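Dear colleague,

A short account of the findings comes after it.

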Amino acid sequence: MKLFQQLLVAPAALGLLAPVAVQAAELNIDGVNKYAAEEQVTSINQFSDVKPTDWAFQALSNLIERYGCVAGYPNGTFKGGQAMTRYEAAALLNACLDRITEVTDELKRLMAEFEKELAVLRGRVDGLEAKVGELEATQFSTTTKLNGKATFIMGANSYGGNARVSPAASLFTGVPEFVPGAFGPVGPFNPLGVGFTQNTWQNQARQTQGATAFNYDVQINFDTSFTGKDLLRTRLRAGNFADGPWAGGPVVGLNATETAFEEGCGLGVDCGDVVAINRLFYQFPLGSSFTATIGGRVRQDDMLAVWPSAYPADTVLDIFTYAGAPGAYSLNLGAGGGLWWKSGGFSISANYVSANGDSGNPIAGTPNCGGIGNACSAQTGTAQIAYSGSNFGIAAAYTYSSGGAGTYAGNATPLANAFFTGAAASNSVGISAYWQPSNSGWIPSISTGWGINTSNFNGTTVNDATALVSTTGITKATSQSWYVGLQWADVFIKGNAAGMAVGQPTFLTSVSGGNVLGIPSSTALVDGNYAWEWWYKFQVTDNISVTPALYYLSAPLGQVSKNVGIGGVPVGAGGSDFNNFGGFIKTTFKF
């Protein structure tokens, strides 16, 4: 039987040959023979019991006149109200198949007319089948998909302001208070007549982060699924940002970009152009509502059911990628595991990450100390409750941090970072939300978030080298952050996007007891600062985009560069203004 016949017969045969036992005595062979032997009906008028008023009259007429596969009984009746036996159905199906397999003269003519075209199509199909066979034979894996992203950044920073490096700030940061200047008078303490001048933050930043630079970041993901519902992700990453102007230091940290990456070689040493494992975790469902994640190299947000921000479509400054709460959403990376529950729009997530979980040395204060659940773990425990719809979401998160996990120079002022990472433990809360318009236009998507951190102390020193930020007598320190991000889709050309954001990176708001930069603590801190960014993404192709970006930091060092102590007390260094304006062009290749 030909393929077309097989396709038609298969469903009918499955029904007709259902596992129902039929005994020979139950079969009315004579009735079936009479039904099947009836001459082919050519007109509906041959049925004496079919009237034009019958509801199926037109359907029967079409079957007879177009296909000629309707049979009746020898007495000239159709018996439309009578139930059909399975054998009568088989006889009728056989009559229809006989008619369908007949090739009409018109069809033969069309086949002859398009013979060349049909031959070409057959050749193409054969060629595609051969290529598919070759791909299946040589493919990398039947369970793994590869995707990646390469990013180029070229740009520079400029610095302004007259703030000088005060003695206390010099001890706290390690930046020299004085630098060689004009020759001075020769004397017993200056036999060579060398002169010195007071250093400024502008001068220091220009010398270390003032050059035009070109850096890159490459990420390659291997996504493997064994069941179709699970995910084993392995990410390789390499970059050369450690000595670049956007790496989070050595002077200004808040101009760090999200793509600024360089793998470490251990003991705090960065190794440029080294490929390393940046992610390695396994994620799998538990029932219909739970998802579990575990890995030796997993990040906090990999284990959250909802990321409460639609900003940005293309990252610029790293400080705007934490949903407004870098303490709660610290993006801690290391060994960890988590679980989330999701039903409808509601979700609850909980996870744990130890940045130093791969170390076997639990002794605090020694090189490469770490482990899980101890003072060296650099650990975070996060709980999030969220609700999200088709174009909006809102979430509240709580994170407990200890062992140095939390903010870094790229998302906090120097003072806020020192107090957060030097605390015995910190408690952080973040509230974030976003909304996106259903259609692109003049109305942008809106993302916003706020975070607050409370750090508790046990008598240790935040900065062991200088003891200028001492926890002696301090019971706690509080810091805050917030942001608002706006983003427009399909700007001028479909696929392009534009955005801007404003906010305050994590800054110190109050300290109880002790002293900061040699000044007794009080509630009147001036560590606050503002950050802005503007960008436009040209979607050159589906896989290539070019994004020019500008940013401005009003006081990237916070209170350190303002030369006033707690409560606004002058420290005598002179000048209080230091700012950072920068820009770059970012090119992204996705594959």
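The notes that follow go through the findings by topic. Please bear in mind that this is a predicted model.

Salt bridges

The structure holds 6 salt bridges. One of them joins the side chains of Arg237 and Asp217, with an N to O distance of 2.9 Å. This pair links distant parts of the chain, since Arg237 belongs to strand 5 (residues 231–239) and Asp217 to strand 4 (residues 213–224), 20 residues apart. Arg237 counts as buried because its relative accessibility is 8%, under the 20% limit. Asp217 is buried as well, its relative accessible area being 1%.

With a relative accessible area of 14%, Asp223 is buried. A further salt bridge brings together the side chains of Asp301 and Arg299, at 2.7 Å from N to O.

Cavities

The count comes to 2 cavities of 30 Å³ or more. The largest cavity holds about 60 Å³ of space. Which strands each supply at least two residues of its lining? They are strand 17 (476–489) and strand 18 (497–512). Among the lining residues are Ser481, Trp482 and Tyr483, together with Gly503, Gln504 and Pro505. The lining also includes Ile319, Phe320, Gly324, Pro326 and Asn411. By class, 6 of the lining residues are nonpolar and 5 are polar, while no charged residue takes part.

Helix 9 (residues 414–421) is mostly covered, 6 of its 8 residues being buried. The buried residues are Leu415, Ala416, Asn417, Ala418, Phe419 and Phe420.

Backbone features

Two cis peptide bonds deserve mention. Gly249 and Pro250 are joined by a cis peptide bond with omega of about 10°, and Pro250 sits in the loop between strand 5 and strand 6 (264–266). The bond from Tyr311 to Pro312 is also cis, with omega near 0°. Pro312 is placed in the loop between strand 9 (290–299) and strand 10 (333–343).

The loop between strand 9 and strand 10 also contains Leu331, which has a positive phi of about 55° although it is not a glycine. Is Leu331 buried or exposed? Leu331 is buried, with a relative accessible area of 13%. Asp490, likewise not a glycine, has a positive phi of about 55° and lies in the loop between strand 17 and strand 18. Asp490 is partly exposed, with a relative accessible area of 29%.

With kind regards

Definitions and conventions
Residues numbered from 1 in each chain as written. Predicted model: local features only at pLDDT ≥ 70, side-chain atom pairs only at ≥ 80, totals over all residues. Heavy atoms only, no water. 1 Å grid on protein atoms, 1.4 Å probe; cavity = no way out; pocket = protein on both sides within 12 Å on 5 of 7 lines; lining within 4 Å. Points joined across faces, edges and corners; volume = space filled by probe spheres on them. Helix = DSSP H or I, 4+ residues; strand = E, 2+ residues; numbered from the N terminus. Nonpolar A, V, L, I, M, F, W, Y, C, P; charged D, E, K, R; others polar. Salt bridge = Lys/Arg side-chain N within 4 Å of Asp/Glu carboxyl O. Buried < 20%, exposed > 50% of the residue type's maximum accessible area, 1.4 Å probe, protein only.
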